[in-house]
Amino acid sequence: MTAPMRCDEFERLVDELLDPGGSEPVRAAAAAHADACAACAGLLADLRRLRADAARLGTLEPARDLWSGIAARLDTPVIAIADRGVEPAERPAAAASRRRGWWMAAAAAGLVAATAGVTTLVVRGTSTAATAGGVGAAGGVLANGPSAGAPVLRASNARGVDAAYDSEIVALHALVAKRRASLDPATVAVIERNLAVIDTAIAECKNALARDPESVFLKESLTSAYDSKVALLRTAVALPSAE
Amino acid sequence: MPVVATIDASPASANRGDSDAASAAAGDRRAFERLYHGHVNRVYSLCARMVADRTRAEELTQDVFVRAWEKLHLFKGESSFSTWLHRLAINVVLNSRKSTAREDARFDDPAGNAGLDSIAGVVGSPMAPGELLDLEAAIAALPPGARHVFVLHDVEGYKHEEIATQLGVTTGSTKAQLHRARFLLREALNR
């Protein structure tokens, strides 16, 4: 014969009566206690009402329109950086580094903006200029995800896309090479890993396009991969110098 | 009984949502905007109740939809789009670290009243009865751990196993947090 449940035990085990599952003997003992104890019966009734009220809480509405902000972010290129732990901003000497590197980043930003404008006009026409040209070197967004901007392809094939991006990529590679010694080695490693991933994607897209030259999906994928590469290089150019 | 999916409850609505999800995954912005309008209040409700901060909830809601746009190619239709989006929203909220300082500050309030003011601005439904407004405010004033489990279990209808997986803790921990939350809420509402 099991001893009757005490009030402190009931308090501890009352959830057994509120939620499905659990031990049947415990539920039975708790129910028997609630039948015999007015205080614990009141507790059980309160908690049951609380649970029912929680389940019928309605939906809430944001106080302002959120779509415009979301739409703006969808138009902003996003660069995949896997490891943000090496960001200079998190290192103790970050502030000093930033000051020293600022002039270089600013100079680079000017060059990048110029090349970005050319690429935008060639690849996308003027209607989508904000996507590439509006971001510039310092405006790139770092995040752990693929490009959020839906690509719009104007060039007719892989060769056309290549030509549009080639000159900018060459120029950006040259800038990154000049800055390489001043950057944190761990950051450089992350950038190179990401560039390798993007280059693999570009190569796969080109191979697939060679077999299916009219595929809009493949053209968009190729443009997107190139966008990611350019954006990553722009960000690398604008990174503050390491200590 | 808690309702997990109050939106897209009808088959027609669910089909339309899944169709829009397929279109959006292919880059159709208009389809994605329709998905947004169909789901924004539910996502916002989850965010608002989880973080108990109106402004932060709006930011997180935007984060959820941006992430959804990025991740739509991973949506394979094994569950409804609503369910997929809701789980994504929970991940975004739980992975968020920006609200930590604000939540900590609320906890440090010895009277435990800081959440009441903020939730007054969070509640957007003018039809909510007074008792439910009290409950919303009391939930907002809960400690974050207890609040997260209470919202996911008693408001959203998730099981302990699912919550434990999402939070990366044991079911024993989620049950303890739920117990704590219920007793704190009872005390707050009976004041």
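# A predicted two-chain model, chain by chain

Chain B contains 10 helices and 0 strands, where helices (H or I, at least four residues) and strands (E, at least two) are DSSP runs numbered from the N terminus. Read from the N terminus, its elements are α-α-α-α-α-α-α-α-α-α. The model is predicted, so local features need pLDDT of at least 70 and side-chain atom pairs count only at pLDDT 80 or more, while totals for chains, interfaces and linings use all residues. Residues are numbered from 1 along each chain as its sequence is written, and chains are lettered from A and ligands numbered from 1 in the order in which they are written.

Chain A has 10 helices and 2 strands. Its order from the N terminus is α-α-α-α-α-β-α-α-β-α-α-α.

Confidence comes next. The predictor assigns the complex an ipTM of 0.77 and a pTM of 0.56. For chain B the mean pLDDT is 79, with 72% of residues at 70 or more; pLDDT is the predictor's confidence in each residue, from 0 to 100. Residues 1-9 of chain B have pLDDT below 50, and this stretch has 24 contacts in the model beyond near neighbours in sequence. Two residues are in contact if their C-beta atoms, placed from the backbone, lie within 7 Å. Residues 104-129 of chain B also stay under 50, and the model has 41 contacts for them beyond four places in sequence.

Chain A averages a pLDDT of 69, and 62% of its residues score at least 70. The pLDDT is below 50 over residues 79-111 of chain A, a stretch with 58 contacts beyond near neighbours in sequence. Residues 114-156 of chain A stay under 50 as well, with 102 contacts beyond four places in sequence.

Burial and contact range describe each chain overall. A residue is buried if 20 or more other C-beta atoms lie within 10 Å of its own, exposed if 12 or fewer, and partly exposed in between, with C-beta atoms placed from the backbone. Of the 191 residues in chain B, 45% are buried; of the 243 residues of chain A, 32% are. In chain B, 64% of the contacts between residues at least 6 apart in sequence join residues at least 24 apart. In chain A, residues 24 or more positions apart account for 79% of the contacts with a separation of 6 or more.

In soluble globular proteins, nonpolar side chains tend to be buried together. A nonpolar core here is a set of buried Ala, Val, Leu, Ile, Met, Phe, Trp, Tyr and Cys residues joined through C-beta atoms within 7 Å. The largest such core has 62 residues, of which C47(B), A89(B) and V93(B) touch the most other members. Helix α2 (residues 29-51) of chain B supplies its largest share, 12 residues. Leaving out residues up to four places away in sequence, V93(B) touches L46(B), C47(B), M50(B), V51(B) and L60(B). A second, separate core of 22 residues includes L183(A), I198(A), I202(A) and L222(A).

A52(B) lies in the loop between α2 and α3 (54-71) of chain B. A52(B) is buried, because 28 other C-beta atoms are within 10 Å. Most residues other than glycine have a negative phi. A52(B) is not a glycine, yet its phi is positive, at about 55 degrees.

Further along chain B, two helices pack against each other. Two packed helices are described by the angle between their axes and the distance between the axes. The axes of helix α8 (residues 144-155) of chain B and helix α10 (residues 171-189) of chain B come within 8 Å and cross at roughly 95 degrees; axes are lines fitted to C-alpha atoms, for helices over the stretch in contact, and angles run from 0 to 180 degrees between N-to-C directions. Therefore α8(B) is roughly perpendicular to α10(B), on a scale where angles under 35 degrees count as roughly parallel, over 145 as roughly antiparallel, 65 to 115 as roughly perpendicular and the rest as oblique.

In chain A, M5(A) sits in the segment before α1 (7-13). M5(A) is buried, since 21 other C-beta atoms lie within 10 Å. Apart from residues up to four places away in sequence, M5(A) touches F10(A), A29(A), A30(A) and H33(A). By contrast, A45(A), in helix α4 (residues 38-55) of chain A, is exposed, with 11 other C-beta atoms within 10 Å.
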